[in-house]
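Dear colleague,

Please find below the structure that I am handing over to you. My notes on two of its interfaces follow it.

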Number of protein chains: 6
Amino acid sequence: MTETYFSARDEVMLFEQAFRQRVPVMLTGPTGCGKTRLVEHMGLLLGRPVVTISCHDDLTSSDLVGRFMVTGGDVVWTDGPLTWAVKAGAICYLDEVVEARHDSLAVLHSLTDHRRTLYLDRAGEVVRAPAEFMLVCSYNPAYRSSLKELKPSFRQRFATLSMNYLPPDREAEVVVAETGVALPVAQRLVRCAVAIRTAQEAFHFEPPSTRVLVTAAQLIVSGAMKLAAADACILAPLSTDGAISDGLREIAAACLAGADI
Amino acid sequence: MTETYFSARDEVMLFEQAFRQRVPVMLTGPTGCGKTRLVEHMGLLLGRPVVTISCHDDLTSSDLVGRFMVTGGDVVWTDGPLTWAVKAGAICYLDEVVEARHDSLAVLHSLTDHRRTLYLDRAGEVVRAPAEFMLVCSYNPAYRSSLKELKPSFRQRFATLSMNYLPPDREAEVVVAETGVALPVAQRLVRCAVAIRTAQEAFHFEPPSTRVLVTAAQLIVSGAMKLAAADACILAPLSTDGAISDGLREIAAACLAGADI
Amino acid sequence: MTETYFSARDEVMLFEQAFRQRVPVMLTGPTGCGKTRLVEHMGLLLGRPVVTISCHDDLTSSDLVGRFMVTGGDVVWTDGPLTWAVKAGAICYLDEVVEARHDSLAVLHSLTDHRRTLYLDRAGEVVRAPAEFMLVCSYNPAYRSSLKELKPSFRQRFATLSMNYLPPDREAEVVVAETGVALPVAQRLVRCAVAIRTAQEAFHFEPPSTRVLVTAAQLIVSGAMKLAAADACILAPLSTDGAISDGLREIAAACLAGADI
Amino acid sequence: MTETYFSARDEVMLFEQAFRQRVPVMLTGPTGCGKTRLVEHMGLLLGRPVVTISCHDDLTSSDLVGRFMVTGGDVVWTDGPLTWAVKAGAICYLDEVVEARHDSLAVLHSLTDHRRTLYLDRAGEVVRAPAEFMLVCSYNPAYRSSLKELKPSFRQRFATLSMNYLPPDREAEVVVAETGVALPVAQRLVRCAVAIRTAQEAFHFEPPSTRVLVTAAQLIVSGAMKLAAADACILAPLSTDGAISDGLREIAAACLAGADI
Amino acid sequence: MTETYFSARDEVMLFEQAFRQRVPVMLTGPTGCGKTRLVEHMGLLLGRPVVTISCHDDLTSSDLVGRFMVTGGDVVWTDGPLTWAVKAGAICYLDEVVEARHDSLAVLHSLTDHRRTLYLDRAGEVVRAPAEFMLVCSYNPAYRSSLKELKPSFRQRFATLSMNYLPPDREAEVVVAETGVALPVAQRLVRCAVAIRTAQEAFHFEPPSTRVLVTAAQLIVSGAMKLAAADACILAPLSTDGAISDGLREIAAACLAGADI
Amino acid sequence: MTETYFSARDEVMLFEQAFRQRVPVMLTGPTGCGKTRLVEHMGLLLGRPVVTISCHDDLTSSDLVGRFMVTGGDVVWTDGPLTWAVKAGAICYLDEVVEARHDSLAVLHSLTDHRRTLYLDRAGEVVRAPAEFMLVCSYNPAYRSSLKELKPSFRQRFATLSMNYLPPDREAEVVVAETGVALPVAQRLVRCAVAIRTAQEAFHFEPPSTRVLVTAAQLIVSGAMKLAAADACILAPLSTDGAISDGLREIAAACLAGADI
């Protein structure tokens, strides 16, 4: 799988400007639209290592900053991934930050204002971030109904870059580049995804991401029938409701028609 | 009990294609339709060990990836079953993954995208999965009313194979193969199960699985009366409501009639 | 107190057939109808030790399978009662299994299907059950309104034996055998219990068990007045509502009348 | 303060019969009606030590049966008060048992049926209760609206003795015996309590116990004005609602009138 | 700041009588009316040290009675503040006892009845309180809407002393004595507080305490404008609702008028 | 970024008077209006170090006062940041105190009344605050709908200083001083913020802070288009609702117009 990044709008430029000004960045957009890829791409472009932390309900601030651990009978402080990233001047990427508990995020406050400092209360240590350190967070605002929401005061600490799916032609190029599938097949898979994304608002499910198109193309390259691959990778994850699944299958069959199924 | 696997549709082929393309697989379908058996079968077919993890509410990410343990006064990292499976290039099977807490599943993200990497934050170790490693999950979408649901973004990380009960003739063959009961008895037990599965939507209970037919056949082989065995193994687990139980017993008696009860 | 078991229907035979076929058994029925006694009786009959575990909300899977414990500075694995029972080929009896948390029951899955294997993930050990090992669970389906319910897929792993109170004559024999009270007194106590059990559906309380009749008979043998003993052992545990208690006392007085109160 | 026990009905006789027959006893009745005193009295009468355990939400089964504790680097089992009581053949008294979590009570099951055995799963020890061991529980059924309720199957394990306040004359004798206050004053305090207890159902508060009469009498003996003492010890704990308090004060003033206030 | 106590009614006399009779005391009344001051005053008067414990949701019984702690590899019992107070014959003051979890209060039962004994179950120690030990609790019944309430049976264990704000003249004297502000200013501040307390029932907020008057006077002594001081110390803590704040400011301005603002 | 503080009203004077009188201070006002800056400014002005603690749900009292830690096999007490601040006579600043659990705040009671003392119950130590120690808390009352609220009795322990945004001219000066952006651009950014703050009540979102204006100016200085910078830093954090975002963008475009976009 190649590492080429396909830019959609001006997100690369704004990201770099934020990096130069030491402003933390918040990426928003639907699942699989390329947020993680952008961060990895910027890491390469800016020459900084990327430390990725998948956020979840159970992530404590100790998981971020570190903890005391017993070694040889003694207690020794061990840096967590955030502390390590600050000290190394890395890009620290908190994926799906909305999933984290608010209290775990409190430790980020002093890193995201003019102080740019991490206070390790338990270790009694104060770490000032070097100029190269950058904090990036991401979340999917489509989960608007979620009980959890980022506090407005937290969101205001970031420059926010809104991302979205690539335009169809670019998306098909990505599918070809990552799987080696024939371009017409990739185009039909994208057409299928676009049709479902358009129907999405009525059906209330997460729209299919570029990732599932890549997966379907992989199975096709490996010998699977196109409709079977689309069924397993694009349609089945969307809904387990029989009637909806039937409707989706009709859309998919229509979009894939003409390709040598 | 034999280990023969009776394939229902194209699930063996798609599973193998996903394995070759390093795409994780999600199995869906009713209880006892053969999901666990498929995974064990594919492990034999592909020559990979299978590591099974039954998911539940209390499963922490430490239970999956490992933890530090005190040995001889020192603290030593001990791999969990997921880490062990990644390192060994095994098939790691998360049974009933919908039961797991979402935060425990976050550790799977980097394993199920192009990174195919397990980050052991606490151990400070990064494990890249070998080509042979495969992640398989399963759940029963009939528990639709459950408070827990898999996040759409999680489901999109997998190729989904929808499974169902075997056709009646194949199912009766399985019952005979696993218990040695006479074919006509197996056929009547299957007929009984099919009748109840058909009535299921009205009654709102989990339909009887192939497993309970095997159990009933085992008791019959051991000398139990057919209706008593069906009562204990097929009917009693379905409902404790008196009226429903009586209705079910009538269905069962009709289906089993003709056999030498 | 004697250990004689009074069989009500065919439960002893079905239990033994399940044991021979290595099928786990689920006992259902009202409190005090003899479920625990049946298990103890079968243990003697089949020559297997019985390990009883009272289930409750706070029972962890570690309480079942075992845990690491610090001894002399080192950490040593200690088998829990379930692991001990599997290794010893015992009958392991989980009393009131519906009270247990679902996650604690997940460890039973691999023991109750064709694998008959206990995976000790934390100890890194795999224990295959010998032919003599048997798992028995029990619960009272009358607690239908409970928030907790056994998952249907869990219930389908067992042959279910529905139990109930003994017929009145057998129940009176039990009361005599266990307490030495005169038969006419035992009969009146049973008549009293039957009357209340009949009235139960209107009153919505747990019907009186054989156990409370034995207790009342014990106090009577020890010199208590019959109505006072019935009041303390049969009526008072049923309800604390004044009006209902008065009604019950009238029923009891009528049933006990004629005996030398 | 003297230790004389004033018996209200036949509770001493029934308690002793239950002790002789090894039947556990459940005491019910309003706060301060003498449940704890009865248990202490029976301990002296039967020559058994009394181990009292105040139940509450946070009481674990380890608090009852014991736990492993680190001493000198090693881990040593330490008996809890219940285990100690079983081994010593004591009367173990669980005060306000309805406050305990159900799971903590599960450990009592095997002690309260024919087994009379305590299973210390974690210590791997089995303790059979000697004939002198007795389990006594108490609770106040007036807390009927509580979210917590004892399970019926738990209540059926006990002979239940319903207790209530002493008749007025006896109660006044108790107040005199415990404080040395003049009998007419004690009688007026009791009259005041009886009037409030009668009004209680309309007001929905816990009726005043014998204990508060004793406390009020103590303050009076120490020089307090009678109405001030009644206000502080009898009225103020009942309600903080101004209107209700005024009504209660009128009742009290009327009942205490004639005494030399 | 002086330590003079200004008595409002007969609370000093009743407190002392309760101390002589070893009756525990419950203080009730609004925030800042002098409950803590009374306890400190009585400690000086009776010659007993005062141990103050601020109650809260997270206070465990171990925080009260003590716990085992590791020292030099061994485990040593360490008395908590309650145990220390019992042994020292101190006055133990549980401030805002209604905030404590009920289970933490269970340990007080045996200290507040005729036993006057602290059972340290975990340490296996029994501590009888000396005659000089006294338990005092306090709470504010105005928080009537709180989800937490003291159990009636708990309240009946105490002689309850209801306290309230001092009469205006006494309150102004206190403000002068504690801050050195001129009497007319103190009187206007008190007038302002009384006006707001009267309006309180309509506004549903906690009335201003003597403490906030003292604080306002302190700022005035330090050079602040009177209205600014009243705004910061008396009005701002009451409400953050704009309309209400404006109304309060008018009341304050009227009451303070005439003083040299 | 400079450290100049721009005073809005009389908050510096009142803060200093409170410091001289040892009165704790509560700062209220919207996010980003300068509360943290004021505390840092006062620390410089009064010559005291500032210890900042970001409050959150998971902050325990041990995190504030300290805990025992194992070092070299022994257990040693380690002061927390609050204890350190008290001993050092520092200004201790609890940011967003409303986020803290009430029980964690109980430890502040004795520090915020005439006692000015910190009781370290677990360490058995009593720390009297030196005259230079000052406690400052802050919260945003606009989160009025929050489930959490500070208890009135807690709020009355502080002199409350209400803060707000700077007047537009001062705010533009701050943006220039901190970023070096041209004054007309800063003025347009402020005009944009003021317009949105005015519209805020209808839209129900947190108004844009001075901080987001500074961030937008930073990106502009770094070469970003003005509207793109305003979009990323001012508009995007406010709302993810498409319709609202469009409305906001119109407002922003109008306010920024005339600047060389």
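**Interface of chain A and chain F**

Between chain A and chain F, 8 residue pairs are in polar contact, both residues being at pLDDT 80 or more; a polar contact is a pair of N or O atoms within 3.5 Å, where within protein one must be able to donate a hydrogen and the other to accept it, and residues adjacent in sequence count only if both atoms are side-chain atoms. This is a predicted model, in which local features need pLDDT of at least 70 and side-chain atom pairs count only at pLDDT 80 or more, while totals for chains, interfaces and linings use all residues. Residues are numbered from 1 along each chain as its sequence is written, chains are lettered from A and ligands numbered from 1 in the order in which they are written, and side-chain values use heavy atoms, without hydrogens and water.

The contact (heavy atoms within 4.5 Å) involves 32 residues of chain A and 44 residues of chain F. The two chains bury about 3,200 Å² between them, with 53% of it on carbon and sulfur atoms; buried area is the accessible area (1.4 Å probe) that two parts lose on being put together, summed over both. On the side of chain A, the residues that lose the most area to chain F are A:Gln21, A:His114 and A:Gln156, together 22% of what that side buries.

**Interface of chain D and chain C**

Here 32 residues of chain D meet 44 residues of chain C. About 3,200 Å² is buried, and carbon and sulfur atoms give 53% of this area. D:Gln21, D:His114 and D:Gln156 supply 22% of the area that chain D buries against chain C.

Yours sincerely
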